[in-house]
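Trainee: Could we go through this model together? I would like to know what stands behind each term we use.

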Amino acid sequence: MVFDIWKQIKAKSFSSVYLLYGTEPYLINETKQLLINHALLPEELDFNLSTYDLEETPIEVALEDAETFPFMGERRLIILHNPYFLTADKGKAKVEHQLNALENYLNDPAPYTILVFSGAYEKLDERKKLTKQIKKSAAVLEAKQLNEKELHVWMRDRASKNGVQIDEEAINLLLTLSGMNLFMLTSEMDKLALYGSDERRITVEMVDQLVSRSLEQNIFTLVEKVVHRDIEAALRIFYDLLKLNEEPIKILAVITNQFRLIYQVKELSRRGYGQNQIAGYIKTHPFRVKLAAGQARLFSEEELSQIMNILADADYQMKTGGMNKQLLIELFLFKLNKRDMEVL
């Protein structure tokens, strides 16, 4: 687990080899940065830190560096980007690698070197002997999206790193407003920590006041207002988006995506799928499924089906110029607010 690896690195308990791969770049970058910060002193970086792109440099060149004694320090840190030979991808073979040299190194790694393989690959080729060997020899981080529980742990840890605590309600609101992108969450967390430094606390009021809303999160809030019959608030959000020069056709597309998600969650829940199963099936984060499930409970399947038909018709009208674009969304919101599906 990523937090276990981070804990070991911070305690200066290093592995000789690390394998970092997956589709969550923040976790990979953060792990590399932790290694740089804890394995080497600042004055050692110029002498004992090396990086190589394995799409351009043969592995034996990097291994020669790894077997060189550190200069003015205890250890060397060698970061190897894009080890494509661990995947099934055959299209990037720009250089010849002596992979037998890597196999020999893994059997007897230099005790003074930390060798890090890093690649943004969803999966590796588990059939390859070398992949099996490196997974057996290395500390392995498969960088996947954090689940909701892990996100909460990470956010509390990030707050603590900045010298503050964060309330549970603040975490939930921040996730709702900013989504699950860790780079964006890091930026927002650091901003909130700076603002809350006097009180050493991040509250839900601070999050509501300071966190910027993406178009998707504004639309989520807009839908939430309509679901709870607050048409005036929904229209205010819509008009604010227009003032920000968001195109009605783009706003309609995001509204449609949100209701499509609600419809899918409703249907799959009816079939007995759990939140994690639904997230895997429709390829979205479980937290988004959790939020959509809350909205889905306030609609019947028939209502959601009719809403999807109305949105499809509005999209057609916008693209064919059949009616004023702003008026189309206003009419949709008023109809949805009435929740009289016969009128719809």
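Mentor: Gladly! Let's start with strands β1 (residues 17-22) and β5, which pair in the parallel sense over five bridges. Keep in mind that this is a predicted model, where local features need pLDDT of at least 70, side-chain atom pairs count only at pLDDT 80 or more, and totals for chains, interfaces and linings use all residues. Residues are numbered from 1 along each chain as its sequence is written, and side-chain values use heavy atoms, leaving out hydrogens and water.

Trainee: What makes β1 and β5 a pair?

Mentor: Two strands pair if DSSP finds at least two bridges between them. β1 and β5 have five bridges, so they qualify. Y18 stands opposite A139 in β5. Strands themselves are DSSP runs of E with at least two residues, helices are runs of H or I with at least four, and both are numbered from the N terminus.

Trainee: Why are β2 and β5 said to stand at the edges?

Mentor: The open sheet has five strands in the order β2-β3-β4-β1-β5, with parallel pairing. β2 (49-53) and β5 (139-143) each have a single partner strand, so one side of each is left without a neighbour in the sheet.

Trainee: Why does L124 count as buried?

Mentor: Its relative accessibility is 9%, and the limit is under 20%, so L124 is buried. L124 is found in the loop between β4 and α6 (129-137). Leaving aside neighbours within four places in sequence, L124 is in contact (heavy atoms within 4.5 Å) with L19, Y21, L86, T87, T131 and K135.

Trainee: What is meant by the largest nonpolar core?

Mentor: A nonpolar core is a set of buried Ala, Val, Leu, Ile, Met, Phe, Trp, Tyr and Cys residues joined through side-chain atoms within 4.5 Å. The largest has 45 residues, of which Y18 and W154 touch the most other members. Helix α2 (residues 25-39) gives the most to this core, with seven residues. Another core, of 42 residues, lies apart from it and includes I219, A234, L241 and A292.

Trainee: Why is α13 called roughly perpendicular to α15?

Mentor: Helix α13 (residues 248-270) and helix α15 (residues 286-296) pack at about 85 degrees, with their axes 8 Å apart. Axes are lines fitted to C-alpha atoms, for helices over the stretch in contact, and angles run from 0 to 180 degrees between N-to-C directions. Under 35 degrees counts as roughly parallel, over 145 as roughly antiparallel, 65 to 115 as roughly perpendicular and the rest as oblique. That makes α13 roughly perpendicular to α15.

Trainee: Which residues make that contact of α13 with α15?

Mentor: Q258, L261, I262, V265 and K266 of α13 meet R288, V289, A292, A293, Q295 and A296 of α15.

Trainee: And where does helix α4 lie?

Mentor: Helix α4 (residues 59-66) lies across β2, β3 and β4 (113-119), running at about 165 degrees to β3.

Technical notes:
Buried < 20%, exposed > 50% of the residue type's maximum accessible area, 1.4 Å probe, protein only.
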